[in-house]
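Hi,

Here is the structure I promised to pass on. Have a look at it first, then read my notes below.

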Amino acid sequence: MNTGLKNLESWKNLEKHFDEIKNVHIKTLFAEDKNRAKRFTLNETGIYFDFSKHRITGETLDLLFKLAEERGVEKRRLEMFAGEKINVTEERAVLHTALRAPKGSEIFVDGKNIVPDIHSVLDKMSAFADKIRNGKWKGYSGKPIKNIINIGIGGSDLGPVMAYEALKHYSDRLLNFRFVSNVDGSDLAEAINGIDAEETLFIVASKTFTTLETMTNAQSARKWILSKLTDTKAIAKHFVALSTNAAEVGKFGIDTENMFGFWDWVGGRYSMTSAIGLSTMIAIGPENYRLLLDGFHQMDEHFKNTPLRKNIPVIMALLGIWYNDFFKAETQAVFPYENYLKRFPAYLQQLTMESNGKQTTLGGQRVDYQTGAIYWGEPGTNGQHSFYQLVHQGTKLIPVDFIGFKESLNPLSAHQDYLIANMLAQGEALAFGKTEEQVRAEGVAPELIPHKVFDGNRPSSTFFLDVLTPDKLGKLVAMYEHSVYVQGLIWNINPFDQWGVELGKVLAKNIIPELQDKNTELRHDSSTNALIGFYRR
């Protein structure tokens with residue numbers, strides 16, 4: 001079976017080219033091209049993107065761009081912005097980009113301009129956020145809100161958590177933000193520990209208001225509020241909803257006037273700029289939140305309008321294809337050298353792996369090539385003292401994205417110089433390594449020489465920005481969003497559905513009553529039956 005990708009002329013040419021250069025060292029590529037660093041660098045939308053430390057030549061890029069052209073990337077990227085129903089398995093448009101479109105724009109879905117509705121929700125969010133921030137929103141007993149707890153899971157949690165941590169410098173420090181996602185009771189227990197129910201607001205984020213984990217946590221939070229405030233009328237003062245299910249929201253006790261909606265053309269992992277961003281807006285304020293949206297929009301415009309050869313997300317995507325499908329690299333590391341971005345790799349895990357972790361083409365065929373890579377990472381310099389050993393001297397090829405900023409939001413002595421020096425040194429060491437001759441020249445004992453040799457030839461990209469601001473965060477997130485889409489186009493898969501998460505949910509619902517009633521007959525496999533039996537005992 002062949003799904004078409006491997007039949008493309010550009011793919012076959014890439015296979016031949018790969019055989020020719022797969023053993024060429026990065027140091028050789030630099031030695032043969034004195035202008036390499038300049039030729040393989042872009043400076044667009046405030047992002048300095050150096051991709052010179054990759055195992056590529058100009059011919060490699062030419063062939064990768066030809067692949068993108070053969071796959072129709074230039075035309076098909078516009079389908080998303082036009083509101084076409086490119087999420088074919090769910091027959092939905094994919095318009096997270098519309099969430100950050102300026103007021104006055106026109107974007108149509110089924111004949112209706114959706115931009116006015118988007119800005120209506122944004123205005124409603126802004127008014128609510130201002131009430132919390134200026135103390136005008138009072139809890140049931142008349143006290144202003146000091147604690148905001150976001151209850152969600154997946155995209156309803158990872159985006160808000162990441163954005164809060166990333167933009168904490170800009171947040172109102174008089175407000176305390178906590179996030180609950182895990183159905184493990186310890187998550188909620190720790191979130192409410194030590195805080196006053198009279199000063200606490202819960203944001204319940206569930207489009208359907210039926211998500212098992214989210215609603216389990218929300219019901220327990222409701223019981224906690226009522227245990228302190230006793231009157232069910234208190235619920236309306238201490239809960240708001242990010243949902244589209246007014247009936248269930250009202251049944252919970254939340255005033256539907258305090259329900260912030262979104263649309264079926266917003267996927268969960270692409271939803272942080274929808275109403276799901278309410279906690280972010282409360283934290284950093286409406287003005288900074290709109291700067292965040294503007295950063296997203298700037299990258300959207302760059303991706304939409306820039307030729308492929310100058311297009312940051314497109315080049316990122318093609319490099320990922322090169323390592324994933326030709327070098328057979330299984331993972332992609334993301335190392336932000338900015339502590340505020342400590343949750344960014346976790347956010348990218350869902351964005352990339354839930355999007356492109358697919359084995360079926362748009363036409364329903366099983367793929368005969370590798371699709372999504374495994375994304376992982378931690379902030380520098382912490383990672384240097386844990387897993388960088390494997391990246392440098394292990395047996396696996398792991399492409400790396402380094403993300404750094406020229407200025408610190410908290411300038412302390414020479415900290416930023418030390419931080420960025422480490423980031424640059426890591427990229428240099430990965431690419432160029434250290435030869436046996438260099439080690440020997442340092443006078444190292446002969447028996448230790450093999451242990452101190454670094455092969456190098458390990459690829460990395462470096463993304464350099466001025467300083468972490470709300471708009472810069474928006475650009476970084478959108479950059480990865482669009483890279484994911486381009487890879488989906490080339491692999492001919494749907495990055496916007498997630499059927500793979502459904503089976504486990506269904507089976508869990510079957511098992512729950514079996515754990516609660518010890519007399520229920522078990523009809524699973526022998527292993528699952530034994531595990532249920534162990535839990536029952």
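How many helices and strands does the secondary structure of the protein chain come to? There are 21 helices and 13 strands, counted as DSSP runs (H or I of at least four residues for helices, E of at least two for strands) and numbered from the N terminus. The chain's radius of gyration, taken over C-alpha atoms, is 25 Å, close to the 24 Å from the globule rule (2.2 Å times the number of residues to the power 0.38), so the chain is as compact as a globular protein of 537 residues.

Before you go on: this is a predicted model, where local features need pLDDT of at least 70, side-chain atom pairs need 80 or more, and totals for chains, interfaces and linings use all residues. Residues are numbered from 1 along each chain as its sequence is written, and side-chain values use heavy atoms, leaving out hydrogens and water.

Of the 537 residues, 54% are buried, meaning under 20% relative accessible area with a 1.4 Å probe, protein chains only.

Now find Asp401, in strand β12 (residues 400-405). Asp401 is buried but has no salt bridge, which would take a Lys or Arg side-chain nitrogen within 4 Å of a carboxyl oxygen of Asp or Glu. The nearest side chain of opposite charge, Lys53, is 12 Å away. What Asp401 does have is a 3.4 Å polar contact with the side chain of Gln332, that is, a pair of N or O atoms within 3.5 Å, one able to donate a hydrogen and the other to accept it. Asp401 also touches (heavy atoms within 4.5 Å) residues including Met316, Phe335 and Tyr480.

Cheers

How values were computed: Buried means under 20% relative accessible area, exposed over 50%, partly exposed in between (1.4 Å probe, protein chains only). Lys and Arg count as positive and Asp and Glu as negative; His and the chain ends are not counted. Lists of a residue's contacts leave out its neighbours within four places in sequence.
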